[in-house]
Amino acid sequence: MCGIVGYYGPKDPKSVILEGLQTLEYRGYDSAGVAILNGSEYKRIRAEGKLAALADKLADETFDGAIGIGHTRWATHGPPSERNAHPHCIEGVNIVHNGIIENYAELREELMSEGATFSSDTDSELVAHLINKSMKSTGNLMEAVMKMMKRLEGAYSILAVSADAPEEMVAFKNGPPLILGVGEKELVVASDIQAIMPHTNKVIFLEDDEVVYIRKDRYELFNRSGGLIKKEVEVIDWSPEQVEKQGFKHYMLKEIFEQPRAVAQAIDPHINLETKSVALTRVGFGGARVEELPKIDVQEDLQLTNETLEGIERIFIVACGTSYYAGQVGEYLIEQIARVPVECDIGSEFRYRYPVIPENSLVITISQSGETADTLAALRLVKQQGAKVLSICNVRRSSIDREADGHLYMNAGAEIGVASTKAFVSTLSLLQIFAIQLAKVKGVLNQDTEKPFVEALVSLPSQMEKVLVHDKFFEEAASSLKTYRGFLYMGRGVSFPIAMEGALKLKELAYMHAEGYAAGEMKHGPLALIDESMAVVMLVANDELYDKTVSNLEEAKARGGQIISIGSGENQKLQNLSLHYLSIPEAHWTVNPVLQVLPLQLLAYHVASSLGHDVDQPRNLAKSVTVE
Ligand code: G6P
C-alpha cells in the first residue's frame, strides 16, 4: 500500500524523504515521487517503477528549502505511471494520499464542470484541486485542508503543502496509518515508524480524524472540527538493527531464520519455566535463553481477566492472509485443548455477513501490522455489538492494538518481507498459550496436565533450528520444482491450514498456481488435476490420521503426482513414495504445525528466488493492506 513521508528540519529533505521512502518499500509500490521546497516553489519529481528510478532523477537536483513530502504509490485508480504518481500538484498545492476516495467520481465531475482539468487517472488529484480552490479564497492551508476533508468519503490519509504557505504542512488521518515523529527542531510524518526511527524515537500516533498542522519546527494537533487537542509523545524502543538485512540476501530469508527467536520472544512473557505453566500476565522468568534476547517491554499484555475468560462460551477469530491461516490453526488448537467452540473468518467476509455474535463471545483479531482494513473494520463491528476483543498483534500502538480490549503481543520485531513468516509462527505459539490458559480456567487442564503442552512450547525454538538447517535441501531442489505446472498442498487436521499457508507462500512469491486442500477432500475434485506435471506437497503428521494421510499420498502418486512429503523420522515408506522427503523432528501435535510450515516457507522462497523474483516485494502485493 502507498507510503507517505513528510519532513521539516535542518537535514537535507531530499535524502531524508528518499531514505524514509526506502524503509516503506516493503509496503509494496509501483511508482514514487517527491515535492520539495526550492526558493518559493515546490519542485516536484516523480518516476514510474522502483525508488532507484526516482533516485536517479533526483541525483543532480538540489533544493534549498527545509520542507518536503514524498510518496510511494501502489496503484488503485489508474495504472502505474509517472503521471499517476504522487505528489499531485495544482497551482503550487502538492498533496500525497494513501487510501481510496470513494466519492471521487462525483467530485471529479463537479470540479470538471467548474473548469478543472486533470492530468492523472487517480482519485487523489482532486484533493489538490479542492485545497487549491479554498486556498484561493482563504490563503490559509490549514483551513483549506479542513474544508476539503468534509467533502471526502472513504479512507484517506493525506499530507499537503503549498507554495503560498511555505514551510507549512498539514497531515490528516482517516484510515491508513500516520505517525508524527517529534525530533530536535525537526518533524517527520510517515506511514510507518521505520521512516521516523533514524531521526527520533519520540512519536505521536495519529487517530482517525486527527490533523497535524506543522509550521516550521512547531506543530499543533486538531480534531476534525478544528478543536485543538493535546496528545502524549510516546517513546519507542525498537532497535535499528531489527530493520537491517544483516547479510541475508532478502529480508524474508532473514525473517525465516529469526523464527526460533520470534517464538521464544512471543512465549517467554507468559511461561513460568520452573512450574512449567502458562499465565497470561507478566510472570517472573529466568534462564540464559531469555537473557540473550533483546529486552522487550511486556507490561499490561492482557487486560482480560481469568474471570472474563471463564465466562466465554464461544470464540470468533478474524484475520486476513497469512494471519487468517494462523487463525485456522488456532481453531483446531483452542477447540481441542480447551473444548470451546471456535469459528474462524476472513475479515472481508466476516464484516459483511451480518455475523451473529452471541453473548459471552470473545473475538480474537490476528494482525501482524495491526492496520489491515478488513480486520480493523471487523473489530469495530463486533465492539459495537458489545463483544470483547483480544488482539494478537506485532505492531504495538497500531490501530487494531489501540482499539482492542485485550492484547497479546507477537514480539517478533519488525517484519519487512511482504510475505509474512515470523509473525505467523509467533501467532501460533500465542494461540497455544491462550488455549492452555483458557483450558485451565475452564477446568479442562490443570497444573499437571498442562505440563506436556508447555514443555512442547519451551523446546520448540530449538526444534525449529533443526528444521532450518535444511535450507540447502530446497535451494537444491528449486531448479526442478520450478518446472512444475502447479502445486497441490495437502494435509489433514491441524496440518490442513498449514497446507493452505504453504500454497499461499508459493503463490505470493513464485507466482505459480498452488492450492491448499484437506487431504480427505482429494477425491472430491483435486485428484482430477494430478498428473506428472503436478507437484503434490503432502504434510504427513505422526498422529491419529497418519495412515489416512499416507493413503492419500499413495492415491496422488498412483496418478503420477510428483510427491514432496514432510514427515518425521527415518520413514522408509515415505522416502520410497516421494521424490523429495524431508524429515522434521518428532514433536507434540500442538507445535508440529510450526515445524511443518518452515520447510514450506523455504520451498517458496527458493523457488521464487531461483526464478529471479523480488522475494521481499512480490508484484502487485502490499505488506499492509490498509484499504478494502
Ligand atoms: C497482506 C500481507 C500478508 C499478510 C496480510 C494480513 O496480504 O501481504 O503477508 O498476512 O496482509 O496482514 P496483517 O498485518 O493483518 O497480519
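**Briefing: ligand shell and local features of a predicted model**

At 12% relative accessibility, Tyr-8 counts as buried (buried means under 20% relative accessible area, exposed over 50%, partly exposed in between, with a 1.4 Å probe and protein chains only). Tyr-8 belongs to strand β1, residues 3–8. Helices (H or I, at least four residues) and strands (E, at least two) are DSSP runs numbered from the N terminus. This is a predicted model: local features need pLDDT of at least 70, side-chain atom pairs count only at pLDDT 80 or more, and totals for chains, interfaces and linings use all residues. Residues are numbered from 1 along each chain as its sequence is written, and side-chain values use heavy atoms, with hydrogens and water left out.

**Ligand shell**

**Ligand contacts and burial**

- Ser-367 places a polar side-chain atom 2.6 Å from an oxygen atom of the ligand. A polar contact is a pair of N or O atoms within 3.5 Å; within protein, one must be able to donate a hydrogen and the other to accept it, and residues adjacent in sequence count only if both atoms are side-chain atoms.
- Thr-322 has a backbone N or O atom 3.0 Å from a ligand oxygen atom.
- Ser-420 has a polar backbone atom 3.3 Å from an oxygen atom of the ligand.
- Taken alone, the ligand exposes 390 Å², and the protein buries 91% of that. Accessible areas come from the Shrake-Rupley method with a 1.4 Å probe; for residues, only the protein chains shown count as cover.
- The ligand takes up the space of the second largest pocket. On a 1 Å grid over the protein atoms alone, a pocket is an open set with protein on both sides within 12 Å along at least five of seven lines. A molecule sits in a pocket if more than half of its atoms lie within 2 Å of its grid points.

**Backbone exceptions**

- Most residues other than glycine have a negative phi, and most peptide bonds are trans.
- The peptide bond from His-86 to Pro-87 is cis, with omega near 0°. Pro-87 lies in the loop between β4 (67–73) and β5 (88–90).
- Lys-276 is not a glycine, yet has a positive phi of about 50°. It sits in the loop between β16 (271–272) and β17 (277–278). Lys-276 is partly exposed, at 31% relative accessibility.
- Arg-339, also not a glycine, has a positive phi of about 60°. Its loop runs between α10 and β19 (342–346). Arg-339 is exposed, at 60% relative accessibility.

**Polar side chains in loops**

- Ser-120 lies in the loop between α3 (104–113) and α4 (125–138). At 1% relative accessibility, Ser-120 is buried.
- The side chain of Ser-120 makes a polar contact of 2.8 Å with the side chain of Thr-122. Another polar contact, also given as 2.8 Å, links the side chains of Ser-120 and Glu-125.
- Thr-200 occupies the loop between β10 (187–190) and β11 (202–205). Thr-200 is buried, with a relative accessible area of 10%.
- The Thr-200 side chain reaches the backbone nitrogen of Lys-202 at 2.9 Å.

**Pairs apart in sequence**

- Tyr-8 and Asp-217 are 209 residues apart along the chain, with their C-alpha atoms separated by 6.7 Å.
- Leu-408 is in strand β22, residues 406–409. It is buried, at a relative accessible area of 0%. Leu-408 and Leu-390 are 18 residues apart in sequence and 7.4 Å apart in space, C-alpha to C-alpha.
- Gly-386 sits in the loop between α12 (373–384) and β21 (388–393). Gly-386 is exposed, with a relative accessible area of 63%. The C-alpha atoms of Gly-386 and Glu-359 are separated by 8.3 Å, and the two residues are 27 apart along the chain.

Note on methods. On a 1 Å grid over the protein atoms alone, a cavity is a set of points where a 1.4 Å probe fits but cannot get out, and a pocket is an open set with protein on both sides within 12 Å along at least five of seven lines; lining residues have an atom within 4 Å of a point.
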